[in-house]
Amino acid sequence: MNEKWEGLLAVLSQMLSIYQAILTLSQQKNRILVAAKPQELETVTKSEEVLILQVGKLEEIREKLVKELMVLYGMRDGRASLDELTNVAQPAIIEKLEIFKKEFSKVMAEIGSLNKLNTELIKQALGFINYNINLLSQTAVGPTYAAKGQNNEQAPKRTAFDARV
């Protein structure tokens, strides 16, 4: 039984380390977005994907261990929950689980706020890019429909890249 608890604590420790690494990458991503360095952003994003896959595998192991512990303690086999297991765990294990819970909450909150900020930075960058593309190509969308009996064709506009073949 102790082996399962130790295994669960080891998995939680690994998961926390990976989430902390994801937090570090999110902070790097924020600096990269501000500095507008797309190549570095791609590298960080790929690193993040690898870590997310690792967390997914560890999450499966965690769920399996929690279910096994629930069976050992004769608990209902539903959604694998650490909160339910803390009711039957030894005090030393409960203390460690509470520490993990606090650390996970802190790291996840930071990741969440950074992701929101990074999303806003990306939206601003895309808006700027679209503005510049429209400015360079001088494309303005006119009305689709014209009054009855009138032609809705507009005179061709000059663009920054006015080329004829």
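This is a predicted model: local features need pLDDT of at least 70, side-chain atom pairs count only at pLDDT 80 or more; totals for chains, interfaces and linings use all residues.
H1 passes H4 in a left-handed crossing.

**Stop 1: H1 and H4.** Select residues 2-35 for helix H1 and residues 91-137 for helix H4. The two axes come within 9 Å and cross at roughly 20 degrees. Angles under 35 degrees count as roughly parallel, so H1 is roughly parallel to H4. Colour the contact by residue class: 21 nonpolar, seven polar and four charged residues make up the contact of H1 with H4.

**Stop 2: H1 and H2.** The axes of H1 and H2 come within 9 Å and cross at roughly 160 degrees. Because an angle over 145 degrees counts as roughly antiparallel, H1 is roughly antiparallel to H2. This crossing of H1 and H2 is left-handed. In the contact of H1 with H2 there are 23 nonpolar, seven polar and seven charged residues.

**Stop 3: alanine 36.** Check the backbone torsion here, as phi of alanine 36 is near 55 degrees, a positive value in a residue other than glycine. Most residues other than glycine have a negative phi. Is alanine 36 buried or exposed? The relative accessibility of alanine 36 is 59%, and the cut-off for exposed is over 50%, so alanine 36 counts as exposed.

**Stop 4: threonine 86.** Move on to the loop between helix H3, residues 82-85, and helix H4, where threonine 86 is found. Threonine 86 has a relative accessible area of 17%. Since buried means under 20%, threonine 86 is buried. Which residues does threonine 86 contact, leaving aside neighbours within four places in sequence? Show Ile94 and Leu97: threonine 86 is in contact with both.

**Stop 5: the whole chain.** The chain has four helices and zero strands, and from the N terminus on its elements run α-α-α-α. Of its 165 residues, 25% count as buried. Last, switch to a surface view. The accessible surface of the protein chain comes to about 12000 Å², and carbon and sulfur atoms account for 57% of that area.

Conventions
Residues are numbered from 1 along each chain as its sequence is written. Side-chain values use heavy atoms; hydrogens and water are left out. Helices (H or I, at least four residues) and strands (E, at least two) are DSSP runs, numbered from the N terminus. Buried means under 20% relative accessible area, exposed over 50%, partly exposed in between (1.4 Å probe, protein chains only). Contact means heavy atoms within 4.5 Å. Axes are lines fitted to C-alpha atoms, for helices over the stretch in contact, and angles run from 0 to 180 degrees between N-to-C directions. Angles under 35 degrees count as roughly parallel, over 145 as roughly antiparallel, 65 to 115 as roughly perpendicular and the rest as oblique. A crossing is left-handed if the near helix is turned anticlockwise from the far one by less than a right angle, and right-handed if clockwise. Ala, Val, Leu, Ile, Met, Phe, Trp, Tyr, Cys and Pro count as nonpolar, Asp, Glu, Lys and Arg as charged, and the others, Gly among them, as polar. Accessible areas come from the Shrake-Rupley method with a 1.4 Å probe; for residues, only the protein chains shown count as cover.
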